[in-house]
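Welcome! Here is a short briefing to read alongside the sequence and the 3D view.

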Amino acid sequence: MATGKFEQVNFDYAGYTVLVTGGTHGIGEGIALAYLTAGADVIITGTRAQAADYDTDLSAYTYYQMLATDNASIAALAAAIPKLDILINNAGASLPGGRSEWEPEVFEEAVQINLTSNFRLAAALKDKLAASALPGGASIVGMASMTSLFGIEIVPGYGSAKTGLVGLTRVLGVTYARDNIRVNAIACGLIESNMTAGMLDIPEMIQPHLDRTPMQRLGVAADIAGPTLFLTSPLASYMTGQTITVDGGFSVQG
């Protein structure tokens, strides 16, 4: 990810620790690099056993394996992190294993990956976040989706989970405020990533989306990283329980 978008933005996270789940690629990789550029100590997770198992150079980060389908793995990650100021609940997947989310067990797996795991990790790390001295308070940011706003037939489990994430953001925002932890989310538009790669070369899928998008392009990871850094900064210290939409205008096009 190019850092050019951040050259005129002076975020300073030096001395603070950020956890970005699913930080090995796509949106998560872009967010992790943005925090690293801003001086933070950045922890990322992936599904592989070690960072060296990825083609990308991840040596600048602390790496932990976390499987969002495995509650024990989530608990082990939370226990292993000594301190934390910011949690970015980014890890997620649609159509797990390429299977149909209309199958009940696959639906449940999609909800576990995209919603339940987020709650479990936030709950397990709450006390460590509450101890943060980050100006404006510690933060949790979740990654919602256009499926949080619209019914998309192919992904009923993913869409239900991402809709639930908006509700979870509200209730955690209300509850965790007592501990000086702010909780917000970003409803991402269609972003170029591993998860969307299969769509990008299919004009009949992409062109209708572009036709509806006033900005006439797909998003890139940096388009989500910037708002994420803002939401966790003192500039957003009076924001909690909110979901902001970053989609090039897709959701407001008449």
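Which residues line the second largest cavity? They are Thr21, Met66, Asn89, Ala91, Ser117, Asn118 and Leu121. This is a predicted model, in which local features need pLDDT of at least 70 and side-chain atom pairs count only at pLDDT 80 or more, while totals for chains, interfaces and linings use all residues. Residues are numbered from 1 along each chain as its sequence is written, and side-chain values use heavy atoms, with hydrogens and water left out.

**Enclosed spaces**

- On a 1 Å grid over the protein atoms alone, a cavity is a set of points where a 1.4 Å probe fits but cannot get out, and lining residues have an atom within 4 Å of a point.
- Grid points are joined across faces, edges and corners, and a volume is the space filled by probe spheres set on the points.
- By this rule, there are two cavities of 30 Å³ or more.
- The second largest cavity has a volume of about 30 Å³, and H3 supplies the largest share of its lining, three residues.
- Helices (H or I, at least four residues) and strands (E, at least two) are DSSP runs, numbered from the N terminus.
- The lining of the second largest cavity divides into three nonpolar, four polar and no charged residues.
- In these classes, Ala, Val, Leu, Ile, Met, Phe, Trp, Tyr, Cys and Pro count as nonpolar, Asp, Glu, Lys and Arg as charged, and the others, Gly among them, as polar.
- The largest cavity has a volume of about 60 Å³, and its lining residues include Asn89, Asn118, Ile140, Leu165 and Val183.
- Strand S5 (138-145), helix H4 (156-176) and strand S6 (181-188) are the elements that give two or more residues to the lining of the largest cavity.
- Of these, H4 gives the most, with four residues.

**An open pocket**

- A pocket is an open set of grid points with protein on both sides within 12 Å along at least five of seven lines.
- The second largest pocket holds about 180 Å³ of space.
- Of the 13 residues that line the second largest pocket, Arg217, Gly219, Asp223, Asp247 and Gly248 are the closest to its centre.
- Five nonpolar, five polar and three charged residues form the lining of the second largest pocket.

- Ser73, Ile74, Leu77 and Ala78 are buried in helix H2 (residues 71-80).
- Seen down the axis of H2, the buried residues fall within an arc of 135 degrees, so they line one face of the helix; the arc is that of the directions from the helix axis to the C-beta atoms.
- Ala72 and Ala79, on the other side of H2, are exposed.
- Buried means under 20% relative accessible area, exposed over 50%, and partly exposed in between (1.4 Å probe, protein chains only).
- Strand S1 (17-20), strand S2 (41-46), strand S3 (62-65) and helix H3 (104-130) are what the buried residues of H2 pack against, where contact means heavy atoms within 4.5 Å.
- At the start of H2, a side-chain oxygen of Asp70 comes to within 2.9 Å of the backbone nitrogen of Ala72.

- Leu95 sits in the loop between strand S4 (86-89) and H3; although not a glycine, Leu95 has a positive phi of about 45 degrees, and at 29% relative accessibility it counts as partly exposed.
- Asn180 is in the loop between H4 and S6; Asn180 is not a glycine either, yet has a positive phi of about 60 degrees, and is partly exposed at 46% relative accessibility.
- Gly167 belongs to helix H4 and is partly exposed, with a relative accessible area of 32%.
- The C-alpha atoms of Gly167 and Gln242 are separated by 9.6 Å, with the two residues 75 apart along the chain.
- His209, in helix H6 (residues 203-212), is buried, with a relative accessible area of 15%.
- Leaving aside neighbours within four places in sequence, His209 is in contact with Leu190, Leu218 and Phe250.
- Thr147 lies in the loop between S5 and H4 and is buried, at 7% relative accessibility.
- Not counting residues up to four places away in sequence, Thr147 touches Ile152, Val155, Tyr158, Gly159, Lys162 and Thr163.

Conventions: Polar contact = N/O pair within 3.5 Å; in protein donor to acceptor, adjacent residues only side chain to side chain.
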